[in-house]
Amino acid sequence: MNPTSGIRLAEDLDVLDREEIERLRRHNLDRMLDAARSTPAVLRRWPRLTSVRDFAGLSGLPPLSPAELAAGRPPHSAEFLLGGDGPGMVIRSGGTSRTLKVMYHSWEFNEQVSALGARGVRAGARRPLGRVANCLLSAELNGAFLFAQEVIRLCSARAFPIGSTMGVGQTAEVLAEHAVDTLIAAPGFGVDILTGVPADRLAALRTFLYIGEGLGTERAKAVATALPELAVRSLAYSATETGCIGYQCAHQSGTEHHVHEDAVVVEVVDEESGEPLPAGEAGEVLVTPLSDTGMALFRYRIGDRGRLSARPCGCGSRARVLTLLGRTAQSLTVDSETFDTDHMMGRLAALGITDPADCQLQVRWEGNRYRVRLLVSPAVPPGVTTEAVAAAFAGGLEIHAVITGPRCTGFTVERADPARFARTSRGKVPTLYEDIAAS
């Protein structure tokens with residue numbers, strides 16, 4: 001690593017035995033704890049750090065919520081800044097939690113994140129990257145575009161920094177003219193390209209690397225139908241706040257990832273009690289990035305559910321495997337009525353809708369009134385009609401009040417390809433979407 005950082009990363013995590021991985025984890029935890037305890041503002045934020053000596057002690061710290069991080073974010077507070085306010089890059093994330101977090105990452109931490117991203121891509125690649133189109137959002141304090149650029153550079157490939165504003169047609173022209181072999185994009189925009197462009201225009205394309213959210217079953221099917229030979233993989237399991245958390249080896253797909261165990265501590269805890277859960281049990285994912293510069297985030301509530309495997313991956317790596325099981329509950333408040341995704345999915349389960357990626361509830365304001373519609377993918381059962389959903393929602397107090405409230409001008413259920421689901425400005429597809437532009 002950078003000589004100004006004491007963090008050590010393995011060049012290839014998958015060749016290390018468990019003892020070697022544990023040595024790296026312990027070394028990097030010690031470096032982070034030393035940096036945190038020597039920073040007065042951070043120590044005031046976590047006074048119990050004085051007694052933390054190992055991973056068991058770390059698990060005794062209270063989890064950090066997105067709201068707490070947003071409240072203590074720089075420049076308004078230095079309580080998370082290791083060593084104070086130094087040089088680096090500022091990025092932000094509202095995520096799907098709708099809570100704005102501003103991150104002051106150090107250049108050393110950025111280098112660490114880039115190295116992990118490149119290491120992860122190499123671990124899962126069928127062949128080395130050659131010509132790579134970077135179609136991620138390249139503005140609005142978003143770090144994903146620059147992360148992808150660095151990964152491409154570290155993988156010794158040629159980068160095409162297209163961004164996300166050229167549109168499908170112009171992007172396809174670049175891919176075809178330059179025989180681009182790898183596409184990096186958010187799932188929504190990537191699938192638009194892969195399913196909306198004639199296959200002969202994408203003849204050189206071999207790999208699609210997505211990031212920002214899960215691909216989802218329906219979008220994966222659409223890509224496989226359009227381009228059956230295309231390798232589709234996660235670029236990284238990563239977050240603006242924590243940097244890289246996991247990567248996919250050649251044996252993995254979907255929501256499975258190895259954990260970058262030399263760089264992050266991943267815990268799975270009970271969502272109600274916060275107690276650590278044994279391997280194999282599903283719960284809330286907490287992440288502690290191991291860094292001695294930038295920002296200190298101990299046991300950060302990343303907003304995902306998952307489980308750590310009790311068995312090693314078939315690739316032979318001794319790095320633990322994390323399977324993501326969806327987001328923790330996200331809420332929406334409409335006319336003083338608050339409901340969350342768990343609430344909604346619990347009502348829809350009776351109609352056979354169990355995957356949040358198969359639906360999107362949209363609240364669209366028109367002046368001081370609003371309309372509600374539920375978009376459902378073609379994969380849901382045919383009996384899912386407006387009447388059936390309204391009856392199912394009648395059993396849920398808050399969500400029923402939203403679709404029947406005095407300011408609601410109507411509620412409908414419409415079948416739509418997931419490509420038609422609304423996206424945020426960063427290309428993500430939330431389960432609960434509110435258009436407040438006209439409110």
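View 1. Leaving aside neighbours within four places in sequence, Ala388 is in contact with Leu351 and Gly383, contact meaning heavy atoms within 4.5 Å. Ala388 has its place in helix α11; helices (H or I, at least four residues) and strands (E, at least two) are DSSP runs numbered from the N terminus. The C-alpha atoms of Ala388 and Ile152 are separated by 48 Å, and these residues are 236 apart along the chain. This is a predicted model, in which local features need pLDDT of at least 70 and side-chain atom pairs count only at pLDDT 80 or more, while totals for chains, interfaces and linings use all residues. Residues are numbered from 1 along each chain as its sequence is written, and side-chain values use heavy atoms, with hydrogens and water left out.

View 2. Eight bridges pair β19 (residues 359–366) with β20 (residues 369–376) in the antiparallel sense, and Leu361 stands opposite Leu374 in β20. Axes are lines fitted to C-alpha atoms, for helices over the stretch in contact, and angles run from 0 to 180 degrees between N-to-C directions.

**View 3. The aromatic pair Phe393 and Phe411.** The structure holds five aromatic pairs. Rings of Phe, Tyr and Trp (its six-membered ring) pair if their centres lie within 6.5 Å; planes under 30 degrees apart count as stacked, over 60 as edge-to-face and the rest as tilted. The ring centres of Phe393 and Phe411 are 6.0 Å apart and the planes stand at 45°, so this pair is tilted. Phe393 in helix α11 and Phe411 in strand β21 are 18 residues apart, and the pair links distant parts of the chain.

**View 4. The packing of helices α7 and α8.** Helix α7 (residues 167–177) packs against helix α8 (residues 187–196) at an angle of about 65°, with the axes 10 Å apart. The two helices, α7 and α8, are therefore roughly perpendicular to each other (angles under 35 degrees count as roughly parallel, over 145 as roughly antiparallel, 65 to 115 as roughly perpendicular and the rest as oblique). In α7, Gly167, Val168, Thr171 and Leu175 meet Phe189, Asp192 and Ile193 in α8.

**View 5. The seven-stranded sheet.** This open sheet has the strand order β9-β10-β11-β16-β15-β13-β12 and antiparallel pairing. Strands β9 (237–239) and β12 (264–269) are at the edges, each with a single partner strand, so one side of each is left without a neighbour in the sheet. Strands β12 and β13 (residues 283–289) run antiparallel and are joined by six bridges; Leu286 in β13 is the bridge partner of Glu267.

**View 6. Two loop residues.** The peptide bond from Pro74 to Pro75 is cis, with omega near 5°. Pro75 lies in the loop between α4 (66–71) and β1 (81–82).

How values were computed: Two strands pair if DSSP finds at least two bridges between them.
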